[in-house]
Amino acid sequence: MGLTNERHERVIALVGNPNVGKSTVFNSLTGLHQHTGNWPGKTVSGAEGRCRSGETVYRLVDTPGTYSLLARSAEEEVTREYLLHGEAEVALVVCDAACLSRNLLLLLQVMAIVPRVVVCVNLLDEAARRSIYPDLAGLEALLGVPVVGTVARKKKSAAALLAALDRVIDAPPPVPPAFLSPLLERCRLSLREGKEQEAASAALAARAEEIGHAVTRGEGEPYSRRDRRLDRFLTGRRSAYPIMLLLLLLVLFITIVGANYPSALLADGFSWLGNLFRTCLSALEAPPWLIGLLVDGVWRVLSQVVAVMLPPMAIFFPLFTLLEDSGYLPRIAYNLDRPFCACHACGKQALTMCMGFGCNAAGVVGCRIIDSPRERLLAVLTNSLVPCNGRFPALLALISMFLVGAAGGFAASLLSACLLTLFILLGVGMTFLATRLLSATVLRGLPSSFVLEMPPFRRPQIGRVILRSLLDRTMYVLGRAAAVAVPAGCLIWLMANVTVGEGSLLQHAAAFLDPFATLLGLDGMILLAFLLGLPANEIVLPLVLMGYLSAGAPVELGSLAEMRAVFVANGWTPVTALCTAVFFLFHWPCSTTLLTVKKETGSWGYTAICAALPTAIGMLLCLLIAAFGRLAY
Amino acid sequence: MCQQVRLCDMQPGERAVITSLPPSALRQRLLDMGFLENAEIECVGKSPFGDPNAYLVCGAVVALRRQDCHGILVRKQVAAWD
């Protein structure tokens, strides 16, 4: 009962098929900004939010999208158990107006086990564009439960939904209509006790189909001509792969061009502020060690993270989100299913791999959309083989410094984008190879099945997406920079300034790692930075720089050219840069990702494989590159 | 006139009605997604390697591998004047 809840919150469960705009409804009701994406299975963990209507406070619980409550997959199990045994008083079932029949199956199943139900027929605008007009009043009369039509992005819709919730929450549960009640009773038994599920479900599906037909008006074409044309192009035999490649290149190119200017500006600003900071501290007669720790340690690492790493991260992320919101990602999974199948895996791994470009930890959580446990593990273990948002600005910096030349300009940016694309393709290729390798060894088995709904293309809310993900990403990176870069900067400064015997701790540590690192084409300082950068990859390159600088006199750092000069002075060659870049691509994932893998797999063994696999690949490749490099020079 | 064929043998652009959905590990999932007997279905495309294929059923486009829709039979709709 609601009274057992201390704050008298009334709990509402949000239920619906995948990709019917549940998260958008959730956001419009709660005013939160849960990220929405146009692909089935976006919501993998239940978000919660609150909203108020008059005196009542509703707590909304978002459940993962599911087609039915017969527990076949993890999501269905979670949703069914929550509805059967959870605290929800009302189920708000979100349906897609354009394919009501299929959505009604889930609705009827929910009606069978939850006494109070409100139906939200969403995406009315999208359906109208395809000339499909559901008869909402007719549906309400047939089912005996409130039906609200919504266009989830509109404010008015939220008010109508709240009004419907207010109406049902304290009213006695409605009696199901006579033509439905025996069927619902049968379904209730089958869902609770698992008896003759299939027969009950088939009968329910047939009834859902009838009701759907009865309440849908209009001679609409559910799969619009525009979508047909787009799909023929985006998944066509000749065009699919070139387009994927071009889109990747375009996204990277925009990122590179867009990041150049803010990077330079931020670097100048930070160096000016740093000097000011130093002057102020000297004026306050702070001890030299404190000035060193704060300005040369903390400030320098922090400013490098923000100036070099932040701009590409903050630009790539919204671009990626736009692609995600348009509905292109499921097409990538469709195009890549055959190659993944050849590696005994599932095409949905392409979706989680794409999520990995944003953040490997998010990609690992996203693997829940893969039903087969073996294929899910394959996707989890190989996720960090693609560079995440925290790694590719470093790749970019290395490419522009050593492989292209930091001159800038259109041609240089295009060349950088091409090289970065090659690196990413190397990561993708390695994902396939590692997947095949794992499925022949630790995770042996044959590919299971692939069923993926391809949603209609939607025009993303461009301005909103850019603004939100720009802000969110910036805040996230700044937060992480403060949490990780500050202690790391302190640590490395202390190591550089505490002397034991002949040299500083830093020199000892670097010298200890140096023989092994040299084999890999790196040096001791680079490897040490990778080790210290375990909490966040974006601090690795700033730490290398910091380590080099801590030995010598303070150097003004502005552009990449100055950074390059420091690296060259410390013995970097193009081979060092290439090896560092390859090691960036393939090394142990960050600690957040590792903890997520532990949480998702429940096994330290798999977590160890997840760390060892990319490291082994990276070391092997670096070893080969370094050996060839020595031969060539 | 009508012709019974396997779903996986349909070519893009062809429409049909599902006639049988044999028991399999995937049957329930397919039923949930609208692959009901007597439901209309259209093959709307092939992926670049020819497998999986995309089908329009119950108002949504669903991609399925050949091996997964192996046993599904459909009745092709051929107009009398064809």
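## Ground rules

Since the model is predicted, local features need pLDDT of at least 70 and side-chain atom pairs count only at pLDDT 80 or more, while totals for chains, interfaces and linings use all residues. Residues are numbered from 1 along each chain as its sequence is written, and chains are lettered from A and ligands numbered from 1 in the order in which they are written.

Helices (H or I, at least four residues) and strands (E, at least two) are DSSP runs, numbered from the N terminus.

## Two domains in chain A

Chain A splits into domain 1 (2-222) and domain 2 (240-443 + 459-632); the bounds come from an automatic or database domain assignment. Taken over C-alpha atoms, the domain centres are 42 Å apart.

How many residues of domain 1 of chain A are in contact with domain 2 of chain A? There are 9, and they meet 13 residues of domain 2. Contact here is a matter of C-beta atoms, placed from the backbone, lying within 7 Å. The domain 1 side of this contact has 4 nonpolar, 5 polar and no charged residues. For these classes, Ala, Val, Leu, Ile, Met, Phe, Trp, Tyr, Cys and Pro count as nonpolar, Asp, Glu, Lys and Arg as charged, and the others, Gly among them, as polar.

## The six-stranded sheet

Chain A has an open sheet of 6 strands in the order E2-E3-E1-E4-E5-E7, with mixed pairing. Two strands pair if DSSP finds at least two bridges between them. E2 (48-53) and E7 (147-149) of chain A sit at the edges with a single partner strand each, so one side of each has no neighbour in the sheet. From one strand to the next, the twist averages 25 degrees.

Further in, E1 (residues 9-16) and E4 (residues 90-96) of chain A run parallel over 5 bridges, and Ala13(A) has Ala91(A) as its bridge partner in E4(A). E4(A) also pairs with E5(A) in the parallel sense, this time over 7 bridges, with Asp96(A) partnered by Asn122(A). Helix H3(A) lies across E1, E4 and E5 (116-122) of chain A and runs at about 170 degrees to E4(A). Angles like this run from 0 to 180 degrees between N-to-C directions, with axes fitted as lines to C-alpha atoms, for helices over the stretch in contact.

Is E5(A) enclosed or open? 7 of its 7 residues are buried, so E5(A) is largely enclosed by the rest of the structure. Buried means 20 or more other C-beta atoms within 10 Å of the residue's own, with C-beta atoms placed from the backbone. Arg116(A), Val118(A), Cys120(A) and Asn122(A) point one way, while Val117(A), Val119(A) and Val121(A) point the other. In a regular strand, side chains alternate between the two faces of the sheet.

On the H23(A) side, the contact includes Val575(A), Leu578(A) and Phe583(A); on the H25(A) side, it includes Gly618(A), Leu621(A) and Ile625(A). By class, the contact has 10 nonpolar, 2 polar and no charged residues.

## Strands in chain B

In chain B, E4 (residues 53-57) is mostly covered, with 5 of its 5 residues buried. Asn53(B), Tyr55(B) and Val57(B) are on one side, and Ala54(B) and Leu56(B) on the other.

E4(B) has antiparallel partners in E3 (residues 40-46) of chain B, over 5 bridges, and in E5(B), also over 5 bridges. Tyr55(B) is the bridge partner of Cys43(B) and stands opposite Val62(B) in E5(B). The hairpin of E3(B) and E4(B) has 6 residues between the strands, and Gly50(B) there takes a positive phi near 85 degrees. The hairpin of E4(B) and E5(B) has 2 residues between the strands, with Cys58(B) in the turn at a positive phi of about 55 degrees.

## Where the chains meet

Between the chains, 35 residues of chain A are in contact with 26 residues of chain B. Elements giving two or more residues to the chain A side include H3 (100-113), H8 (197-215) and H10 (240-283). Which element gives the largest share? It is H8(A), with 6 residues. The chain A side divides into 18 nonpolar, 6 polar and 11 charged residues.

Strands take part too: E9(A) and E5 (residues 60-64) of chain B run antiparallel, joined by 4 bridges. Met454(A) has Val61(B) as its bridge partner in E5(B).

Conventions:
Two residues are in contact if their C-beta atoms, placed from the backbone, lie within 7 Å. A residue is buried if 20 or more other C-beta atoms lie within 10 Å of its own, exposed if 12 or fewer, and partly exposed in between; C-beta atoms are placed from the backbone.
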